[in-house]
Amino acid sequence: MQVTVSDKGQITLPHSLRQHLGISAGTRLEVEAQDDGTLRVRVLARGSQGLFGLLSRPGERTRSLDELDQAITDTVCERQETP
């Protein structure tokens, strides 16, 4: 699939590719130049859907929001006490 770079340095991704990858207006992409001259493009997480499973720990029980808040508070307090 070929695209053309505009005079502003922009490219337009074909509709079929955007549809296939779920890319819509405002979607953030990460572009990385490879040593061989190619570009690696990755779709970044979109909203809360991209966060699903981020804190998952296989084999551990699910924690409540209150438990998570307490763990964060405890960690912050511990770090403030350490010189």
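Mentor: Let us begin with glutamate 30, which counts as partly exposed at 31% relative accessibility; buried means under 20% relative accessible area, exposed over 50%, and partly exposed in between, with a 1.4 Å probe and protein chains only. This is a predicted model, in which local features need pLDDT of at least 70, side-chain atom pairs count only at pLDDT 80 or more, and totals for chains, interfaces and linings use all residues. Residues are numbered from 1 along each chain as its sequence is written, and side-chain values use heavy atoms, with hydrogens and water left out.

Glutamate 30 forms a salt bridge with arginine 42, their closest N and O atoms being 3.2 Å apart; a salt bridge is a side-chain nitrogen of Lys or Arg within 4 Å of a carboxyl oxygen of Asp or Glu. Glutamate 30 lies in strand 1 and arginine 42 in strand 2, so the pair ties together parts that are 12 residues apart in sequence. Arginine 42 is also partly exposed, at 36% relative accessibility.

Strands (E, at least two residues) and helices (H or I, at least four) are DSSP runs, numbered from the N terminus. Strand 1 covers residues 29-33 and strand 2 residues 39-43, and the two pair in the antiparallel sense over 5 bridges; pairing requires that DSSP finds at least two bridges between two strands. Among the partners, alanine 33 is bridged to leucine 39 in strand 2. The two strands form a hairpin with 5 residues between them, and in the turn glycine 37 has a positive phi of about 90°.
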